[in-house]
Amino acid sequence: MTEQTADLTAPDAAPAVADNSRKVFIKTYGCQMNVYDSTRMSDALARDGYVQTEEMDEADLVLLNTCHIREKAAEKVYSELGRLRDMKKARNGDGREFMIGVTGCVAQAEGAEILRRAPAVDVVIGPQTYHRLPEALQRARGGDRVVDTDYALEDKFEHLPKTDKALIRARGVTAFLTVQEGCDKFCTFCVVPYTRGSEVSRPVSQIIDEAMRLVDGGVREVTLLGQNVNAWRADGPDGREWTLGDLLYRLADIPGLERLRYTTSHPRDMDDRLIAAHADLRKLMPYLHLPIQSGSDRILKAMNRRHTADDYLRLIERIRAARPDIAMSGDFITGFPGETDADFEATMEVVKAVHYAAAFSFKYSSRPGTPGADLPDHVPEKVKAERLERLQALLIEQQKAFNESCVGREVSLLLEKPGRYGGQLIGRSPWLQSVIVDAKDERIGDIIPVRITGTGPNSLYADILRGV
Ligand code: 5AD
Ligand code: SF4
């Protein structure tokens, strides 16, 4: 199982890089969907002769792939654009092209406003029009400043070039695969339904084709992505409408695709077929990110989550009955408008009942244009922060307890990338933990049994079991 790394070093597998090729630097903010989109933009630009660089200084094109979920995210983009403006000025006259593009959710939400606030920006491209990025750059070369934030009628995935095999290999043994975009849930705090539009599911054949290409390029673990991934549905080849569970059963049949994950799910869309997949599919990893946001029924109603805390807890019971070793992760918001101390305590109670292995938690950030922004009784920043601190202390304690419960256990590890020190590799456990082992680089891509020996601040340590 070491052929991937062997190929990586083979001269004919390396992408052809001419020294005079144009270079693009892509800075990605926010969620995994943006990470995936950045790779696909890079693919589209590769066709135009661009090579991706990790050094902003040597770039001819800088793309900021932005996130709009919380206030600070957009502000960070504007301050980064300030720095880029200075860079553009400094580079002016060196004879080389230097273009700046803003993509992602801030691009979608702000559109032409970005051109007004940041005169150095050449193109602004929303998440649904990445296939038109090369064309927009061409127009920018002609002197236009381009804004393209339509919800394009054509399917961008149909139009984006398929990723080159050498690029897949260079990107590693785990990969994201977007199966669904957009959201129809309209939680009252969230901008996603406005920035990413309504739910669109990619067709089965497109997803299978992409998964097979990834596997052919050495990928062993695929994470299916969607803002509301478990709302994915499409016509199945058997004439029935498939839901995410059906898709997972089909993907699990692909030889060489060893591990599957999906994120992010909404509790309302965890149907029986999906829960059955957790019971039946060895390849489906025992880890589920299932946000609840608040443990108070009153706040859940105001958030338009359309479930109660009890619905959520009973759902987790059913999932755990199907897959007893499943680790849970979640998202939480403190200080949604109207949240009282009692509401917050209800959130703490849910956390205590679930025992999370990992979690993300945020202070509520009022987003203009969302219904939450217009609600009365906004919570003072200080209170939001105090609650967040208490919540995070509990979540960190649970994460530590989970990690410590792994010590002494035998687990399967996907060897993913070199560690900080020579002779070490970092692997991924079934529960998405980073695990450090002593192993040679050529074993990257192997899935091996290890015994967890200890825990560190950000990762676990393990010994490879003898004879492997
Ligand atoms: N304020 C704070 N957190 C938010 N999230 C989404 N919108 C907001 C907001 N306005 C959080 C939710 C969501 C995660 C991706 O970001 O917890 O699940
Ligand atoms: Fe936002 Fe709610 Fe949709 Fe998640 S389900 S993307 S939180 S609106």
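## Two packed helices

Axes are lines fitted to C-alpha atoms, for helices over the stretch in contact, with angles from 0 to 180 degrees between N-to-C directions. In this predicted model, local features need pLDDT of at least 70 and side-chain atom pairs count only at pLDDT 80 or more, while totals for chains, interfaces and linings use all residues. Residues are numbered from 1 along each chain as its sequence is written.

Helix α11 (residues 244–251) and helix α12 (residues 272–280) have axes that come within 7 Å and cross at roughly 30°. Helices here are DSSP runs (H or I, at least four residues), numbered from the N terminus. The crossing angle makes α11 roughly parallel to α12 (angles under 35 degrees).

From α11, Leu244, Gly245, Asp246, Leu248 and Tyr249 meet Arg273, Leu274, Ala276, Ala277 and Asp280 of α12 (heavy atoms within 4.5 Å). By class, this contact has six nonpolar, one polar and three charged residues.

## The largest core

The largest nonpolar core has 54 residues. Such a core joins buried Ala, Val, Leu, Ile, Met, Phe, Trp, Tyr and Cys residues through side-chain atoms within 4.5 Å. Buried means under 20% relative accessible area (1.4 Å probe, protein chains only). Leu224, Leu251, Tyr262 and Tyr356 touch the most other members.

Leaving aside neighbours within four places in sequence, Tyr262 contacts residues including Leu244, Leu248 and Leu274. Thr223 is also among its contacts.

## Thr223

Thr223 is found in strand β10 (residues 221–225); strands are E runs of at least two residues. Thr223 is buried, with a relative accessible area of 8%. Beyond four places in sequence, its contacts include Ala175, Phe176 and Leu177.

How values were computed
Chains lettered and ligands numbered in written order. Heavy atoms only, no water. Parallel < 35°, antiparallel > 145°, perpendicular 65-115°, else oblique. Nonpolar A, V, L, I, M, F, W, Y, C, P; charged D, E, K, R; others polar. Buried < 20%, exposed > 50% of the residue type's maximum accessible area, 1.4 Å probe, protein only.
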